[in-house]
Amino acid sequence: AINPWDVMLCMSGTAIACENAIVVAIICYSPSLRTPMFVLIGSLATADLLAGLGLILNFVFQYVIHSETVSLITVGFLVASFTASVSSLLAITVDRYLSLYNALTYYSERTVLCIHTMLVGTWGVSLCLGLLPILGWNCLHDYAACSIVRPLTKSNVTLLSASFFLIFIIMLHLYIEICKIVCRHAHQIALQQHFLTASHYVATKKGVSTLAIILGTFGASWLPFAIYCVVGDPDYPSVYTYATLLPATYNSMINPIIYAYRNQEIQRSMWVLFCGCFQSKVSFRSRSPSDV
């Protein structure tokens with residue numbers, strides 16, 4: 001019998017793959033989207049696209065091909081994809097912070113080198129974590145070592161959860177610093193103009209609200225699953241695992257909306273790519289990632 005939770009995960013993976021495939025196609029198609037900000041968004045979309053495909057493949061192989069090797073490869077693929085997604089979110093946060101903290105030197109070669117270094121680190125670490133189950137860190141022959149996500153071991157899942165908590169804390173700290181910089185900039189503008197205009201107040205409030213939505217969505221999606229990975233037991237009903245894992249996949253579904261589809265340059269490129277009816281001779285300058 002087919003588990004309805006597996007069907008829901010497969011449907012979630014399909015929506016994730018479709019959404020992020022469009023983002024990847026737009027960024028690859030548009031030569032103007034080659035700035036560090038869009039490179040990181042492309043990395044996030046690629047990771048989420050792979051995660052969506054991994055959920056689909058996991059459903060197919062689970063009910064069509066019953067093989068321990070295939071199961072390990074699928075789980076390793078999902079671990080690497082979701083790790084790359086979370087790590088890409090951290091890289092985007094660091095990029096936004098740098099664009100505000102070092103605004104005068106942001107568009108320099110040093111920034112490009114920093115972005116490339118973060119990308120190499122993001123995908124390198126994700127690949128290593130994804131290979132661990134395949135290379136032997138699994139519980140196929142030791143049921144007592146299994147976690148709530150078979151065939152991952154308890155120590156493996158604990159490592160992944162600890163990494164998530166660390167990333168979440170770093171992102172929280174950086175977004176607090178970003179809010180401080182935004183409010184300080186608004187205060188400086190108010191001193192120069194002798195008063196804080198309504199437009200500046202609205203822009204500051206919108207920026208802080210957007211940051212709260214970004215961090216709140218990320219935490220609400222992943223925190224329940226990360227906590228349950230630590231406190232859960234493989235003997236607990238599997239419905240608990242599904243009920244915490246499914247919202248975690250929604251983060252990859254929401255990421256394109258937050259980081260891509262709201263961007264004016266990507267909206268314009270989408271019109272050009274799919275409609276071919278929107279042409280403009282005006283050159284669009286890619287906005288700074290601090291424009292949240």
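Modeller: Ser99 counts as buried, because its relative accessibility is 4% and the cut-off for buried is under 20%. Keep in mind that this is a predicted model.

Colleague: Which helix does Ser99 lie in?

Modeller: Ser99 is part of helix 3, which covers residues 68-101.

Colleague: And which backbone oxygen lies 2.7 Å from a polar atom of the Ser99 side chain?

Modeller: That is the backbone oxygen of Arg96.

Colleague: New topic, rings. How many aromatic pairs are there?

Modeller: The count is ten aromatic pairs. One of them is Phe82 with Trp222: the ring centres are 5.5 Å apart and the planes are at 75°, so the pair is edge-to-face. The cut-off for that label is over 60 degrees.

Colleague: Where in the chain are Phe82 and Trp222?

Modeller: Phe82 is in helix 3 and Trp222 is in helix 6, residues 198-231.

Colleague: Are Phe82 and Trp222 buried or exposed?

Modeller: Phe82 counts as buried at 11% relative accessibility. Trp222 counts as buried too, at 9%.

Colleague: Which residues do ring pairs link into a cluster with Phe82?

Modeller: The cluster joins Phe82 with Phe164, Phe165, Phe168, Phe218, Trp222 and Phe225.

Note on methods: Residues are numbered from 1 along each chain as its sequence is written. This is a predicted model: local features need pLDDT of at least 70, side-chain atom pairs count only at pLDDT 80 or more; totals for chains, interfaces and linings use all residues. Side-chain values use heavy atoms; hydrogens and water are left out. Helices (H or I, at least four residues) and strands (E, at least two) are DSSP runs, numbered from the N terminus. Buried means under 20% relative accessible area, exposed over 50%, partly exposed in between (1.4 Å probe, protein chains only). A polar contact is a pair of N or O atoms within 3.5 Å; within protein, one must be able to donate a hydrogen and the other to accept it, and residues adjacent in sequence count only if both atoms are side-chain atoms. Rings of Phe, Tyr and Trp (its six-membered ring) pair if their centres lie within 6.5 Å; planes under 30 degrees apart count as stacked, over 60 as edge-to-face and the rest as tilted.
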